[in-house]
Amino acid sequence: MKHLRNMAVVGTGLIGASVGLAAKKAFPQMRIWGVDKSARALEEAHSVGAIDEVVAMEEAAHADLLCLAMPMRYLPEVLKQLGPALREGLLWMDVGSSKQNVLQQVEAALGRVPSHFVPCHPLAGSEKAGALAARAELFVGSKLLLVPHEAMARGAREEIGFFWKALGAKVVEMTAKEHDDILAFTSHLPHLLAFALANALGEDSPSLHAGMGPGFFSFMRLAKSEPSLWEDICMANREALLVAMQRYQAELSCLQAALEEEPKGQALLRLLEQAYGRRRAWGESSN
């Protein structure tokens with residue numbers, strides 16, 4: 001990728017800044033341009049070395065590689081500003097947590113999905129937000145979900161795949177629908193469950209806090225995630241997430257019925273053993 005002299009990152013939060021840091025480590029010759037509505041976000045990204053310089057949105061269109069890492073609620077606005085450049089063969093990608101809506105918005109804004117657009121989703125992150133939490137090693141050993149589309153150029157697909165492999169990620173390809181259906185269960189629903197449990201517990205108290213063990217805090221780490229970011233993600237993948245919630249509610253109903261069963265315990269044990277077997281079948285690696 002020696003011909004890629006610079007990359008523009010639109011959105012310099014945790015993921016965008018980590019992409020910048022990781023790219024500078026993997027490709028020392030590459031300069032990173034930062035674009036963000038927040039002057040503070042740009043300051044922080046520059047202070048940690050994630051970007052080399054701040055540029056305007058119009059200048060970002062002249063980069064050799066463009067990475068859209070801002071919250072997806074801003075996608076229509078960004079597409080409108082960058083529209084002409086995005087249609088002219090610029091190599092670009094997004095790193096959003098849903099994919100069907102991204103493809104729909106790109107097509108609506110540009111009239112088609114450009115051949116050099118590569119939808120991506122790095123399965124890496126933290127409950128922390130902002131460039132100050134960014135790490136060059138964030139993607140090492142993680143999965144990068146790459147979503148091909150009918151118009152995608154083979155060269156663009158290969159180049160972006162190589163880029164993420166250089167950052168330490170394992171590239172896995174799947175369709176946009178597969179992505180959204182799976183992530184609804186493996187990411188979006190777990191975050192909502194953690195938020196829901198926090199609300200169900202109500203106000204903090206000394207007794208409540210005394211009963212919080214390591215398992216509880218491990219699960220509830222998700223509820224420390226930025227609310228506005230997760231509102232954006234969940235609404236973007238609303239249809240798949242609603243299906244996931246319905247299936248989860250059905251499982252909760254089965255557990256409730258098992259708890260109410262007489263004689264006690266047999267149905268509950270069967271459900272727990274089934275879940276235990278399924279979990280063991282996944283193995284221990286998160287990658």
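# Helices, sheet and salt bridges

Reader: In which helix is the place of Ala23?
Author: Helices (H or I, at least four residues) and strands (E, at least two) are DSSP runs, numbered from the N terminus. By that count, Ala23 sits in residues 14-26, helix α1.

Reader: What kind of model is this, and which pLDDT do side-chain atom pairs need?
Author: Residues are numbered from 1 along each chain as its sequence is written, and side-chain values use heavy atoms, without hydrogens or water. The model is predicted: totals for chains, interfaces and linings use all residues, local features need pLDDT of at least 70, and side-chain atom pairs need pLDDT 80 or more.

Reader: Is Ala23 buried or exposed?
Author: Buried means under 20% relative accessible area, exposed over 50%, partly exposed in between (1.4 Å probe, protein chains only). Ala23 touches Met7, Met30, Ile32, Phe163 and Leu167 (heavy atoms within 4.5 Å), leaving out residues up to four places away in sequence. Its relative accessibility is 0%, so Ala23 counts as buried.

Reader: How far apart in space are Ala23 and Met7?
Author: Met7 is one of the residues that Ala23 touches. The two are 16 residues apart in sequence. From C-alpha to C-alpha, the distance is 8.8 Å.

Reader: Which residue in β7 stands opposite Cys120?
Author: Strands β6 (residues 117-122) and β7 (residues 143-146) run antiparallel. They are joined by 3 bridges. Opposite Cys120 stands Leu146.

Reader: Which residue meets Arg5 in a salt bridge?
Author: A salt bridge puts a side-chain nitrogen of Lys or Arg within 4 Å of a carboxyl oxygen of Asp or Glu. The whole structure has 11 of them. At 3.1 Å, N to O, its partner is the buried (18%) Asp64.

Reader: How many residues apart in sequence are the parts tied together by Glu77 and Lys37?
Author: The two side chains form a salt bridge at 3.2 Å, N to O. Glu77 is partly exposed at 34%, whereas Lys37 is exposed at 64%. Glu77 lies in helix α4 (residues 75-87) and Lys37 in the loop between β2 (31-35) and α2 (39-47), so the parts tied together are separated in sequence by 40 residues.

Reader: In which helix does Glu231, the salt-bridge partner of Arg73, lie?
Author: This pair meets at 3.7 Å, N to O. Glu231 is partly exposed at 45%, and Arg73 is partly exposed at 37%. Arg73 is in the loop between β4 and α4. Glu231 is 158 residues away in sequence, in helix α10.

Reader: How is α7 oriented to α11?
Author: Helix α7 (residues 176-201) packs on helix α11 (residues 238-260), with the axes 9 Å apart. Contacting residues include Phe185 and Leu189 in α7, and Met245 and Tyr248 in α11. The angle is about 65°. Angles under 35 degrees count as roughly parallel, over 145 as roughly antiparallel, 65 to 115 as roughly perpendicular and the rest as oblique, so α7 to α11 is roughly perpendicular.

Conventions. Two strands pair if DSSP finds at least two bridges between them. Axes are lines fitted to C-alpha atoms, for helices over the stretch in contact, and angles run from 0 to 180 degrees between N-to-C directions.
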